[in-house]
Amino acid sequence: MKFIAEIGWNFIGDLNLAEEMIKAAAASGADYAKFQIWNPDNLKPGPWDKDGRREIYQKAFLDRSKIVHIKQLCHSNNINFLASVFEEKSLDLLSSITSDTIKIPSHECNNFTLIDAALSK
């Protein structure tokens with residue numbers, strides 16, 4: 001059995017907070033610290049445009065350098081890095097950085113294009 005600590009976007013783009021959360025996850029015995037990788041530029045218009053979530057999503061956006069940094073933080077804290085991807089561009093970005101496990105979010109369980117792309121990686 002594996003224990004996954006869901007950090008997601010809860011660090012709100014603050015890499016110091018992400019590091020604290022990674023350390024707490026490792027100290028709790030988690031096997032993985034899981035983040036979410038998406039690009040807010042790919043979001044369709046929705047309720048997040050009216051309630052402030054788009055701004056939070058923008059702050060929590062993980063580009064290549066942030067993903068590499070977070071993965072290194074996980075490694076230095078003896079916990080595995082894991083990330084959910086929501087679309088193929090994020091899958092391509094993540095798979096260019098790590099060949100480890102990739103998570104498909106549950107609400108993407110019918111996104112067979114994304115699932116097939118992930119399986120091909």
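Guide: Lys34 touches Ile4, Ala5, Glu6, Ile7, Gly8, Leu82, Ala83, Ser84 and Lys103, leaving aside residues up to four places away in sequence; contact here means heavy atoms within 4.5 Å. This is a predicted model, in which local features need pLDDT of at least 70 and side-chain atom pairs count only at pLDDT 80 or more, while totals for chains, interfaces and linings use all residues. Residues are numbered from 1 along each chain as its sequence is written, and side-chain values use heavy atoms, with hydrogens and water left out.

With a relative accessibility of 4%, Lys34 counts as buried. Buried means under 20% relative accessible area, exposed means over 50%, and partly exposed is in between, using a 1.4 Å probe and protein chains only.

Lys34 is part of strand β2, residues 32-37. Strands (E, at least two residues) and helices (H or I, at least four) are DSSP runs, numbered from the N terminus. β2 belongs to an open sheet of four strands in the order β1-β2-β3-β4, with parallel pairing. β1 and β4 (102-103) stand at the edges with a single partner strand each, so one side of each has no neighbour in the sheet. Two strands pair if DSSP finds at least two bridges between them; β1 and β2 pair in the parallel sense over four bridges. Ala5, one of the residues that Lys34 touches, stands opposite Ala33 in β2.

Helices also lie against this strand. α3 packs on the sheet, touching β2 and β3, and its direction makes about 145° with that of β3. Helix α4 (residues 88-97) lies across β2, β3 and β4 and runs at about 160° to β3. For these angles, axes are lines fitted to C-alpha atoms, for helices over the stretch in contact, and angles run from 0 to 180 degrees between N-to-C directions.

α3 (residues 64-76) has a helix partner as well: its axis and that of α1 (residues 15-27) come within 10 Å and cross at roughly 30°. The two are therefore roughly parallel to each other, a term for angles under 35 degrees. Leu15, Glu19 and Ile22 in α1 meet Lys66, His69, Ile70, Leu73 and Cys74 in α3.

How values were computed: Parallel < 35°, antiparallel > 145°, perpendicular 65-115°, else oblique.
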